[in-house]
Amino acid sequence: MTTSPGQLLETYEQQGFLSGVPVLTDGELREATLAFAQLEKEFGENYTQYSLHNIHLQYPWVMGLTKHPRILQVLKAILGPDIILLDSRFICKYPADTTPADQLPYVAWHQDMRYWGIAGGPVLSVWLALDDSLKENGALQVIPGSHSCGMFPHRQAMRPGNMLTVNQEIPAELLQTDRAVLCPLFAGQMSIHDGLLVHASDANTSRKRRCGFVMRYVPTRAYPTEDPDRPRRFHATLVVCGTDQFKHFSQQTQ
């Protein structure tokens, strides 16, 4: 990686995201793709679309992705030396079939921090692409700088097909969607965004799958907050870098 840690941090702090960061070698990508194909064969596409949650605890090859040295190199530039993995999930948008276009799976405009219940430090989301992620198969879109605007109101999504678990969205009239930019990725690259960055992704209207591995990281100083209306449990936390002197996540392992 030729960009210095200082340059990465400056860009990230200004824009709220990084995109097109190389991670996997050709050999590593081939191994990960073949391993994921076995999961598709075992569980079926309906399940692997969104339900492969925190399987880094079960599969060593997935655990290896969460600690990949090229990922950690960038994370340390942004979060510092002591880092916890909060959560992981594979997300796939499969090729369009006979489903009407206005009902295909998509992700509405939202902020990750709306769902995570974390304070004391930022939440950083990584999308590691196993497939090319392009406009036609529903690549990530972000609104640069929106992470500096605080938390936006969210409501129940009006359009069917929203992949967000709680089916929420930020009303479009509150956003400058004309400023949105696409974050295309080649397979093996990653994008990173801040937990307050407003982002979304359109439906896959192509004949190509869009599969990625999403990982959420926090500095060890961060801690979970209590919300009686929406209890949160972090059962799969993991110290991936440095040491944790705070012990805010009781389930974590080294």
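Start by selecting R155 and E173. The two form a salt bridge, with their closest N and O atoms 3.7 Å apart. The term covers a side-chain nitrogen of Lys or Arg within 4 Å of a carboxyl oxygen of Asp or Glu. This pair links distant parts of the chain: R155 is in strand β7 (residues 155-156), E173 in the loop between β8 (168-169) and β9 (181-182), 18 residues apart. Helices (H or I, at least four residues) and strands (E, at least two) are DSSP runs, numbered from the N terminus. R155 counts as partly exposed at 31% relative accessibility; E173, at 61%, counts as exposed. Here buried means under 20% relative accessible area, exposed over 50%, and partly exposed in between (1.4 Å probe, protein chains only).

A note before moving on. This is a predicted model, where local features need pLDDT of at least 70 and side-chain atom pairs count only at pLDDT 80 or more, while totals for chains, interfaces and linings use all residues. Residues are numbered from 1 along each chain as its sequence is written, and side-chain values use heavy atoms, with hydrogens and water left out.

How many salt bridges does the structure hold? There are six. Select E28 and R70 next: their side chains meet at 3.6 Å, N to O. E28 is in helix α2 (residues 26-43) and R70 in helix α5 (residues 69-79), 42 residues apart. E28 is partly exposed, at 29%, and R70 is partly exposed too, at 34%.

Stay on helix α2 and pick E40 with R209. Their salt bridge spans 2.9 Å, N to O. R209 lies in the loop between β11 and β12 and E40 in helix α2, so the pair ties together parts that are 169 residues apart in sequence. R209 is buried, with a relative accessible area of 18%; E40 is buried at 17%.

**Rings**

Now select W61 and F90. They form a tilted aromatic pair, 5.9 Å centre to centre with 40° between the planes. Rings of Phe, Tyr and Trp (its six-membered ring) pair if their centres lie within 6.5 Å; planes under 30 degrees apart count as stacked, over 60 as edge-to-face and the rest as tilted. W61 is in helix α4 (residues 60-66) and F90 in strand β2, 29 residues apart.

F213 is in strand β12, 123 residues from F90. Both F90 and F213 are buried.

**The largest pocket**

Last, select Y50, R89, W116, L164 and R216. Of the 33 residues that line the largest pocket, these are the closest to its centre. The pocket's volume is about 730 Å³. On a 1 Å grid over the protein atoms alone, a pocket is an open set of points where a 1.4 Å probe fits, with protein on both sides within 12 Å along at least five of seven lines; lining residues have an atom within 4 Å of a point. Grid points are joined across faces, edges and corners, and a volume is the space filled by probe spheres set on the points. β2 gives the most to the lining, with four residues.
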